[in-house]
Amino acid sequence: MMLSHRVGRACHVLVLVLCLSTAEDFDWSANNHDSFYYGTFPNGFSWGAGSSAYQTEGAWDKDGKGLSIWDVFTHKKGKTFLNDTGDSSCEGYYKIKDDVSLIKELNLNHYRFSISWPRIMPTGIRSDHVNEKGVKYYSALIDELHEHNITPIVTLYHWDLPQVLQEKYGGWQNISMINFFNDFANLCFERYGDRVKYWITFNNPWSVAVEGYETGEHAPGLKLRGTGSYRAAHHIIKAHAKVWHTYDTQWRNKQRGMVGISLSGDWGEPVDLTNQKDIEAAERYVQFYIGWFATPIFHGDYPQVMKDFIGRKSAEQGLGTSRLPTFSSQEKSYIKGTSDFLGVGHFTTRYITQKSFPSNRGSTYFSDRDVAELVDPRWPDPGSEWLYAVPWGFRRLLNFVKTQYGNPMIFITENGVSEKMMCTELCDDWRIQYYKGYINEMLKAIRDGVNVKGYTAWSLLDKFEWDEGYSERFGLYYVEFRNKNKPRYPKASVQFYKRIIKSNGFPNQREVENWKRKATETCSTSNQLLAAEEQRNTAANILRLIHDPLTSHMEMVTEVVVPTVCTLCILISAVFLMFLLRKRN
């Protein structure tokens with residue numbers, strides 16, 4: 001996922017913030033944040049859930065898979081929370097049938113997953129080697145989905161670049177990645193295109209560029225401040241366009257599929273809608289985020305505000321050219337219009353105000369924007385430190401996309417909320433509230449005329465959360481990572497989401513409230529069963545510790561001192577058991 005980045009006069013909102021003079025069907029000055037709309041989605045609306053390869057598959061070195069940048073990054077000490085890795089994660093590589101059965105249980109229409117580039121091309125270069133075992137794995141997953149009438153939506157790049165390409169070429173800093181990625185995509189179209197009709201080239205390239213090549217918080221961990229993120233993004237945009245053209249010219253007539261990209265974006269709301277600088281700062285925040293990638297793809301070039309600000313700051317630093325690369329006129333024409341649909345990932349909102357960052361103190365992507373991000377302390381934040389629940393921002397972002405990019409076909413590709421706790425908790429009331437609020441705001445956006453065709457809950461399973469390791473859980477299904485079998489357990493949100501899907505929306509207040517009550521009743525029983533099982537596991541770990549104290553010492557730290565079930569009685573019973581056994585010996 002991502003790190004922290006994150007009613008006044010109507011004329012200001014319409015003209016100065018978002019240039020939305022044509023958005024006559026949406027009132028940007030309205031402040032009806034707490035209203036709820038009861039109604040249903042259009043017929044044929046697609047409901048789904050998602051995952052990604054590195055976060056869920058495990059099997060990091062099995063069956064001929066090559067190293068990815070995340071394999072290498074997580075194996076370096078200090079890069080992730082508790083030095084967690086995705087080496088085994090959910091063991092999804094071995095659980096195709098199990099996980100598809102969960103998808104079927106939810107009555108989903110589609111499932112979004114990603115293909116690990118190094119699993120099917122170990123070095124990232126097609127002419128070197130194609131790993132047929134890896135190819136077969138994804139083919140089996142796709143076939144299993146189709147057997148249960150579930151539509152696969154396949155992401156080609158969800159951050160796991162082959163390590164060889166990083167070491168030899170510098171990864172996305174190098175223009176060579178464009179052709180390498182195109183070869184990879186072409187292989188996927190060749191092997192899977194007869195059964196896959198929805199392709200996503202890149203997932204959230206903002207994070208790839210900023211967190212991978214600017215801050216270094218994500219793999220490959222480079223800190224090329226002020227230049228690295230812009231160069232990486234430039235090559236990613238070109239790579240996306242090339243893959244779209246490859247599909248368009250070589251495969252579209254045969255396979256009848258579509259190719260899009262998934263862009264993530266927080267909404268930025270002006271702190272003061274009567275202050276022109278705040279209004280302009282909020283637009284700048286959104287343009288530097290989702291607009292950075294969407295504007296070239298839909299209009300052929302970077303947002304003008306990015307060119308202006310980065311160009312000016314570059315000049316103030318004495319640079320001869322802007323740190324933001326430029327597209328040639330031929331490239332602009334080639335890139336423009338290369339998206340059959342737009343995937344939108346959205347999680348949260350920020351209040352935005354103007355804040356100037358002097359160029360003589362050095363420039364970064366963040367200081368180039370000249371904005372400050374604020375949050376309302378009343379916003380719920382149950383999990384990730386950056387993720388506040390602000391449902392009304394979702395509707396505003398979707399209307400922004402509608403107006404800025406000509407109302408494209410949209411699939412919501414990521415939307416969900418985490419919890420950050422060491423305890424087992426299947427009664428995720430906060431997630432129910434989050435989904436209820438955000439899905440309802442999406443329904444309102446559709447009523448505004450936004451062309452949303454499907455929704456993907458993020459995520460199907462708890463999984464490896466990048467630099468946060470396993471400390472945050474986004475899943476509808478709880479995964480017990482300490483159990484080698486990685487069992488899955490439904491949280492209360494599973495039952496609630498199922499009801500939304502079955503009703504295709506929110507029929508009436510009484511029924512929706514009843515959904516929540518039934519979901520809570522079900523999870524309470526499941527919580528007790530899971531707690532009992534984990535109590536047995538804790539006792540077994542203590543027994544192993546007693547019989548082999550030296551080799552088990554480090555396991556005790558994580559498995560006993562910080563147990564996953566935060567129940568005092570379990571701790572007391574475990575300590576009491578240790579006392580009795582030692583006394584007996």
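**Calls and cut-offs, residue by residue**

Mentor: Asp370 is buried, at 4% relative accessible area. The model is predicted: local features need pLDDT of at least 70, side-chain atom pairs count only at pLDDT 80 or more, and totals for chains, interfaces and linings use all residues. Residues are numbered from 1 along each chain as its sequence is written, and side-chain values use heavy atoms, with hydrogens and water left out.

Trainee: What makes Asp370 buried?

Mentor: Buried means under 20% relative accessible area, exposed over 50%, partly exposed in between (1.4 Å probe, protein chains only). Asp370 has 4%, so it is buried.

Trainee: Where does Asp370 sit?

Mentor: Asp370 lies in the loop between H15 and S10. Helices (H or I, at least four residues) and strands (E, at least two) are DSSP runs, numbered from the N terminus.

Trainee: What is the phi of Asp370?

Mentor: Phi is about 55°. That is positive, although Asp370 is not a glycine.

Trainee: How do you know that Asp370 and Lys313 form a salt bridge?

Mentor: The term needs a side-chain nitrogen of Lys or Arg within 4 Å of a carboxyl oxygen of Asp or Glu. The closest N and O atoms of this pair are 2.6 Å apart, so the pair qualifies. Asp370 is in the loop between helix H15 (365-368) and strand S10 (371-374), and Lys313 is in helix H13 (residues 304-316). They are 57 residues apart, so the bridge links distant parts of the chain. Both partners are buried.

Trainee: How many salt bridges does this rule give?

Mentor: The count is 37.

Trainee: What makes Arg126 and Glu190 a salt bridge?

Mentor: Their closest N and O atoms are 2.9 Å apart. That is within the limit, so the pair counts. This pair also links distant parts of the chain: Arg126 is in the loop between helix H5 (117-120) and helix H6 (132-147), Glu190 is in helix H8 (residues 177-192), and 64 residues separate them.

Trainee: Why are Arg126 and Glu190 called partly exposed?

Mentor: Arg126 has 28% relative accessibility. Glu190 has 38%. Each value lies between the buried and exposed limits, so both residues are partly exposed.

Trainee: What separates Arg517 and Glu521 along helix H19?

Mentor: The two are 4 residues apart in H19 (residues 509-547), which means about one helical turn. Arg517 has 43% relative accessible area, so it is partly exposed. Glu521 has 47%, so it is partly exposed too.

Trainee: What makes Asn504 buried?

Mentor: Asn504 has 16%, which falls under the limit, so it is buried. It sits in the loop between helix H18 (492-503) and strand S15 (505-506). Not counting residues up to four places away in sequence, it touches Thr40, Phe41, Pro42, Asn43, Phe45 and Trp47.

Trainee: Why does Lys223 count as exposed?

Mentor: Lys223 reaches 56% relative accessibility, over the exposed limit, so it counts as exposed. It lies in the loop between helix H9 (205-213) and helix H10 (228-250).

Trainee: Which peptide bonds are cis?

Mentor: One joins Ala219 and Pro220, with omega about 5°. Pro220 lies in the loop between H9 and H10. Another joins Trp458 and Ser459, with omega about 15°. Ser459 is in the loop between strand S12 (452-457) and strand S13 (477-479).

Technical notes. Contact = heavy atoms within 4.5 Å.
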